[in-house]
Amino acid sequence: MSIMSHLLQRQLSFPAPQTRRLSINRDLRVPMRDGVELLADRWAPRNGAEGLPTALIRSPYGRAGLFAAMMARPLAERGYQVLIQSTRGGFGSGGVMDPLRQEREDGLDTLDWLVKQDWLGESIVLFGMSYMGMVQWAVADSLPAEVKAMIPVVSESALTREFLRADGRSLEVPLEWGAMVATQERPFAMLRMNTQTRRTARALRTLPLSGFDAVATGRRSQYVQDVLAHDADDPHWDRLDHVHRVAATSVPVSSVAGWYDIFLPGQLRDFTILQDAGRPARLTVGPWTHTEPIAATSEAIGFGLAHARGEEPPERAPVRLYVMGQDEWRDFESWPPPGYEPRRFHLQADGGLSAGSPGESVVDEYRYDPADPTPAAGGISISHGGRVENGALEARPDVLIYTTDVLDDDVEVIGEVSAEVWFRSSLAHADVFVRLCDVDEEGRSFNVCDGLVSVTGADELSLVAVTMWPTAYRFTRGHRIRVQVSSGAFPRFARNPGTGEPIATATTLRAADQQVHHGPERPSAVILPVRSLG
């Protein structure tokens, strides 16, 4: 495993290690207030560990393997001690796994134990990705003085609630994740990964969807059933929602996010809360999906170690964004950055798109069939998202496209993206999916950002507002801007059966005839935060 770690470190250009000689104290028992004990491993330099700051990583994915290679070992070789702990109910830790629900109490108890250890030194840094970032927010308003910084990576303070919004349930991620954690400790789980992936993909098409867990894992998952039964507004999720703790965070926070990450909107919300509250915080957003935030460990080494030692971290602007299309890192003072004004690009006749007023046009129509749902192509996903070529998707009859003329100048888009679509369906229940794309000189279309909204009363013509993923993208001269409109992105979003049945119990699939209106009286548009570059 050390060879794998060293190869990964070299590939990711980590700074040179201070030592390769490490000791690992395994299976330390950390008592919780209810008598349960959680297991943890302590990584430290074999010589000279006394007084070093401790990086605390609390994980539901085990303490060895890739997580140790990517996080524990690189930090322990570069100035930290590392305590990586298995959360409740997994990989030898006691209790029953109830995902996300016990992390405040367990996190506070872990910190209370940690500050009493004679090997601790004087400082702690909280670090980790995804679930390992959420557990930081769970304790963020009650940190002991020894904690000097937090580094949540591709994560946010509410987590599950983001997927369950009433305007469009994004079920692929929580259901896939529920299947993963239910099977990750089975014998030969790594060897069976491809088989499990196929089972999970098949389960996403199960009707009713309440049978997903049985098909995907062979057993009932309470987390999966809860996701299907409770929407974002349900008090059931209150214990998992730590947004109210963000403004009370007492230590500097460095958030690392990705433009194609599943948690980006919530992570930007958390940073904005810190920013508005005057808390010391900085934000890095790269061109990454959920599994690709290569800057994370470097941020723990630079930002985290500096604060742990009572030093100033390397100077930089509060916000550092990777501007896609231009493929360049840029610094800003805030999110969203100033100087980018909303500009409407109107859907036009014959598949046109322009910043000019909409002209007279006929209604565009397509048929959506949930039995053959419009597929997701790249975009937001745990395992297969990101920027991809959209030619096959745009060739489908259930996808409308609207494209500008060739751009005479660069157009830079940074900030929150949205759309307004005048829409009608033959059914009362339907979805509207909108995607922004960049079309290059060869006519290839690549996705930039997108969003979906579910509409009740869709059989009446109405203006549908679609909140899309934020972005930073430069459409360069010679390219074109494109907008797709459809009624799904399966399996990222659960397919709308068209019947109004609850998502967990729906068994009937009804095809719908959809209409998109655009013209002077019904100006459908995508709204982009734009700074033109002449």
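**Entry 1, the pocket.** I started with the second largest pocket, and its volume comes to about 440 Å³. I am working with a predicted model, so I keep that in mind for everything below.

I then asked which residues lie nearest the centre of this pocket. Ser 454, Asn 496, Pro 497, Glu 501 and Ile 503 do, out of 23 residues that line the pocket. Next I looked up the elements that give two or more residues to the lining, and I found helix H9 (222-229), strand S17 (429-439) and strand S18 (445-456). S18 supplies the largest share, four residues.

I also sorted the lining by class: 12 residues are nonpolar, six are polar and five are charged.

H9 had turned up in the pocket lining, and I wanted to see how H9 packs with helix H6 (residues 172-183). Their axes are 9 Å apart, and the packing angle is about 165°. Angles over 145 degrees count as roughly antiparallel, so that is how H6 and H9 run relative to each other. I noted the handedness too: H6 passes H9 in a left-handed crossing.

Which residues make the contact? On the H6 side I listed Pro 174, Leu 175, Trp 177 and Gly 178. On the H9 side I listed Tyr 223, Val 224 and Val 227. By class, this contact has six nonpolar residues and one polar residue, with no charged residues.

The pocket lining includes five charged residues, whereas the contact of H6 with H9 has none.

Notes
Residues are numbered from 1 along each chain as its sequence is written. This is a predicted model: local features need pLDDT of at least 70, side-chain atom pairs count only at pLDDT 80 or more; totals for chains, interfaces and linings use all residues. Side-chain values use heavy atoms; hydrogens and water are left out. On a 1 Å grid over the protein atoms alone, a cavity is a set of points where a 1.4 Å probe fits but cannot get out, and a pocket is an open set with protein on both sides within 12 Å along at least five of seven lines; lining residues have an atom within 4 Å of a point. Grid points are joined across faces, edges and corners, and a volume is the space filled by probe spheres set on the points. Ala, Val, Leu, Ile, Met, Phe, Trp, Tyr, Cys and Pro count as nonpolar, Asp, Glu, Lys and Arg as charged, and the others, Gly among them, as polar. Axes are lines fitted to C-alpha atoms, for helices over the stretch in contact, and angles run from 0 to 180 degrees between N-to-C directions. Angles under 35 degrees count as roughly parallel, over 145 as roughly antiparallel, 65 to 115 as roughly perpendicular and the rest as oblique. A crossing is left-handed if the near helix is turned anticlockwise from the far one by less than a right angle, and right-handed if clockwise. Contact means heavy atoms within 4.5 Å.
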